[in-house]
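Dear colleague,

Please find the structure below, handed over for your use. My findings come directly after it.

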Amino acid sequence: LKTQLLAKRAEHMAHAPARETAYGVTEGAIANVRMHLRGDPEKPGDEVPRRWLEILGGQEVPPNSGSGRLQLAQWLTDPSNPLTARVMVNRIWQNHFGKGLVQTPNDFGTRGQHPTHPELLDWLAIELVEHGWSMKHMHRLIVTSRTYRLSSSNLSASEANLKVDPENKYHWRANPIRMEAQTVRDSLLSLAGDLDLT
């Protein structure tokens, strides 16, 4: 009986549909990786040492120091690397105002747009780092600002400001922003007295 079942199973497996596979990451031995020529993992190229981006210092992962994830986190949050904090505060600003101080949040490079308020961006980045990378602090700081509390009503829009800055890049009034579905839901539940605050 066992041999019949195994034979039947082998027959089914021979006619089974092909399964799609995808590359993934698993824990394994710590080693440098090889370049994927033209992005193809089936065509390995030269071995690349584990290190930080060369444009930001290129420090290598010390030997026998583990996977390098700790070093990566330290390099990303190093005070001499302001890029991480700038990108983070720009995304928080974008979440509250609908657009960031840098309006190309995925490109802080030479092809991206320049910040409308570079000093504000730098100050917010410094605040983030000095307050232990606290997102709560950044949200509180932004939503209690005068800029966040400006009206979006056209009645408050002066003709002079409209002529100088019709796109409101300099935040002289609030831009109307669509509410996310969760916010609409929570607002309705709160008004009905059914919002579970636990």
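This is a predicted model: local features need pLDDT of at least 70, side-chain atom pairs count only at pLDDT 80 or more; totals for chains, interfaces and linings use all residues.

Residues are numbered from 1 along each chain as its sequence is written, and side-chain values use heavy atoms, with hydrogens and water left out.

The axes of helix H3 (residues 83-97) and helix H4 (residues 118-130) cross at roughly 105° and come within 8 Å. H3 and H4 are therefore roughly perpendicular (65 to 115 degrees). In contact (heavy atoms within 4.5 Å) are Ala-85, Arg-86, Met-88, Val-89, Asn-90 and Trp-93 of H3 with Leu-120, Leu-121, Asp-122, Leu-124, Ala-125, Leu-128 and Val-129 of H4.

H4 also approaches helix H5 (residues 135-143): their axes come within 9 Å and cross at roughly 140°. That makes H4 oblique to H5 (oblique being what remains besides under 35 degrees, roughly parallel, over 145, roughly antiparallel, and 65 to 115, roughly perpendicular). Here Trp-123, Leu-124, Glu-127 and Leu-128 of H4 meet Met-135, His-137, Met-138 and Leu-141 of H5.

Val-48 belongs to strand S2 (residues 44-48). Its relative accessibility is 26%, so Val-48 counts as partly exposed (between buried, under 20%, and exposed, over 50%, with a 1.4 Å probe and protein chains only). Leaving aside residues up to four places away in sequence, Val-48 touches Asn-32, Val-33 and Met-35.

Yours sincerely

Terms used
Axes are lines fitted to C-alpha atoms, for helices over the stretch in contact, and angles run from 0 to 180 degrees between N-to-C directions. Helices (H or I, at least four residues) and strands (E, at least two) are DSSP runs, numbered from the N terminus.
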